[in-house]
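Work through the exercises below with the structure open. Try each task before reading its solution.

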Amino acid sequence: MDLALLDRTLSERGEPSYRARQVWEWTARGSASYGEMTTLAKPLRTVLAEEVPFSTLEVVTEREARDGTLKVLFRTHDGHPVEAVLMCYRDGRRSLCLSSQSGCPLTCTFCATGTMRFGRNLNASEILDQALHFRRIAPVNHAVYMGMGEPFLNYADVIESARRLPDLGITPRRTTISTVGWMPGLSRFVDEVDEPIRLALSIHAADPELRSELMPVNDRYPLGDVVTECRRYFELRRRKVFVEYVMLAGVNDSPAAARALAALLDSRTFKVNLIPYNPTGTFEGSSRQTIEGFKRELDRARIPATVRLTRGRDIEAACGQLASVR
Ligand code: SF4
């Protein structure tokens with residue numbers, strides 16, 4: 001729902017200022033239409049239905065994986081593709097993976113989104129409409145900004161949307177913003193965001209040359225500076241930073257690469273999440289044994305590490321696989 005248009009429409013009709021909040025509260029709790037908002041007068045519901053589209057996004061396709069993961073391809077009003085995913089876990093977690101941009105300008109070589117044409121930043125309403133779509137299907141309790149796009153290239157709208165997620169049932173502690181290390185946004189996040197929203201940093205290689213090959217952003221904002229900024233975040237906020245490390249066979253998965261990663265990090269500030277790679281064409285994923293060997297090196301250096309469960313692989317909804325235009 002375009003929240004700015006909602007505000008304008010209500011104030012033009014002389015409605016009290018709390019009216020927009022009422023509409024938002026109904027929407028955030030999963031209402032499927034204005035018709036359900038029984039605390040609003042009927043004529044007002046009719047006006048809103050005519051003047052403020054219930055979502056800024058149109059659903060193009062919806063696919064469900066064998067494990068229950070749901071991936072939706074949306075389109076913005078000006079034709080840009082956006083994907084979002086709902087992952088359901090046995091322990092009751094219902095986690096959303098949200099996109100912050102249509103496409104991504106940062107062209108990481110292992111990432112399907114990086115290969116599609118960059119469209120534009122999404123506004124806060126377009127980000128929230130991804131979450132609201134799933135909220136109408138079922139209650140949700142976790143969100144990660146790990147879909148299409150680099151969230152800190154779209155800082156203001158990402159933070160604005162994250163601040164509204166608690167109304168949908170997703171607390172700041174259960175919200176994670178994942179960055180490749182876009183420093184201007186990262187520094188603002190460290191300085192400005194008081195809510196305990198979690199931070200994840202995609203590293204994928206500790207060696208500077210390899211990292212620049214995999215992630216060209218490394219030439220602009222070298223990893224050493226980014227890691228220092230994450231330590232500042234820990235000092236200021238006392239919250240650990242999750243490190244994302246995608247396991248690419250024969251590329252970044254050797255014991256030496258694990259030791260280089262361990263040397264870069266410290267156990268007080270960081271916790272590593274090893275991500276089995278979902279093939280997107282160019283790279284192969286590391287074997288299970290290799291991933292275990294890599295983890296053993298981190299264990300030896302006392303760097304906390306876990307291996308991520310992969311979800312939705314059969315419908316290209318897993319990490320690094322979001323791209324509607326290949
Ligand atoms: S990994 Fe993230 S930053 Fe890199 S191209 Fe993909 S979406 Fe963009």
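**Exercise 1. Two domains**

How many Å separate the centres of domain 1 and domain 2, taken over C-alpha atoms? Then describe their contact.

Solution. The model is a predicted one.
- Step 1. Take the centres over C-alpha atoms: domain 1 and domain 2 lie 33 Å apart.
- Step 2. Find the bounds. Domain 1 covers 1-54 and domain 2 covers 56-315, according to the domain assignment.
- Step 3. Count the contact residues. Domain 1 gives ten and domain 2 gives eight.
- Step 4. Look at the side of domain 1 that touches domain 2. Helix α2 (residues 18-28) supplies its largest share, four residues.
- Step 5. Sort that side by class. Six residues are nonpolar, two are polar and two are charged.

**Exercise 2. The sheet**

Give the strand order of the open sheet, and state which strands stand at the edges.

Solution. 
- Step 1. Trace the ten strands. The order is β1-β2-β3-β4-β7-β8-β9-β10-β11-β12, and the pairing is mixed.
- Step 2. Check the ends. β1 (57-64) and β12 (305-307) each have a single partner strand, so one side of each lacks a neighbour in the sheet.
- Step 3. From one strand to the next, it averages 20°.

**Exercise 3. Around β7**

Identify the bridges that join β7 to β4 and to β8.

Solution. 
- Step 1. Start with β4 (residues 94-97). Three bridges join this strand to β7 (residues 142-145), and the two run parallel.
- Step 2. Name partners. Leu 96 bridges to Ala 143 in β7, and Cys 97 bridges to Val 144 in β7.
- Step 3. Turn to β8 (residues 175-179). β7 and β8 also pair in the parallel sense, over three bridges. Tyr 145 has Ile 177 in β8 as its bridge partner.

**Exercise 4. The ligand shell**

List the residues around the ligand and sort them by class.

Solution. 
- Step 1. Read along the chain. The shell holds Cys 104, Leu 106, Thr 107, Cys 108, Cys 111, Thr 113, Gly 114, Met 148, Gly 149, Glu 150 and Val 180.
- Step 2. Count by class. Six are nonpolar, four polar and one charged.

Definitions and conventions:
Residues numbered from 1 in each chain as written. Predicted model: local features only at pLDDT ≥ 70, side-chain atom pairs only at ≥ 80, totals over all residues. Near = placed C-beta within 6 Å. Nonpolar A, V, L, I, M, F, W, Y, C, P; charged D, E, K, R; others polar. Pairing = 2+ DSSP bridges. Axes fitted to C-alpha atoms, helices over the stretch in contact; angles between N-to-C directions. Domains from an automatic or database assignment. Contact = placed C-beta atoms within 7 Å.
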